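Biologist: Can you walk me through this one? I'd like the fold, then the surface.

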Amino acid sequence: MIDRYAEEIDVQEIRAKIQDIEQEVSTLINQMGRDQEVVKKHIDSTRLIQSMQLLMLLLTKT
């Protein structure tokens, strides 16, 4: 009976650790999503700036 109680404690500890890990993974996934949005916005901004620079160059040559 003591061994069974010890096993139940171990299972509860393992479940708690799994929940902690799942939470960490969820947090990391959310962070990655936010990071990807920041990178995408930066790339879009860079493309816009490059397009405007090219337009300005073309306009000044005429």
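**Helix and surface**

Modeller: Keep in mind that this is a predicted model. V25 lies in helix 1, which covers residues 2-61.

Biologist: What else is in the secondary structure, how many helices and strands?

Modeller: The chain comes to one helix and zero strands.

Biologist: And what share of the residues counts as buried?

Modeller: Of the 62 residues, 0% count as buried.

Biologist: How much accessible surface does the chain have?

Modeller: About 6,300 Å². Carbon and sulfur atoms account for 62% of that.

Biologist: Which residues form a nonpolar patch with V25?

Modeller: I21 and I29. Together with V25 they have about 280 Å² of accessible area on the surface.

Biologist: Switching to charges. How many salt bridges does the count come to?

Modeller: One salt bridge. The side chains of K40 and D44 meet there, at 3.1 Å from N to O. That pair qualifies because the cut-off is within 4 Å.

Biologist: Where do K40 and D44 sit relative to each other in helix 1?

Modeller: They are four residues apart, so about one helical turn separates K40 and D44.

Biologist: How accessible are K40 and D44?

Modeller: K40 is partly exposed, with a relative accessible area of 47%. D44 is also partly exposed, at 35%.

How values were computed. Residues are numbered from 1 along each chain as its sequence is written. This is a predicted model: local features need pLDDT of at least 70, side-chain atom pairs count only at pLDDT 80 or more; totals for chains, interfaces and linings use all residues. Side-chain values use heavy atoms; hydrogens and water are left out. Patches are made of residues with over 30% relative accessible area and no salt bridge: like charges are joined within 9 Å, nonpolar side chains (Val, Leu, Ile, Met, Phe, Trp, Tyr) within 5 Å. Accessible areas come from the Shrake-Rupley method with a 1.4 Å probe; for residues, only the protein chains shown count as cover. Helices (H or I, at least four residues) and strands (E, at least two) are DSSP runs, numbered from the N terminus. Buried means under 20% relative accessible area, exposed over 50%, partly exposed in between (1.4 Å probe, protein chains only).
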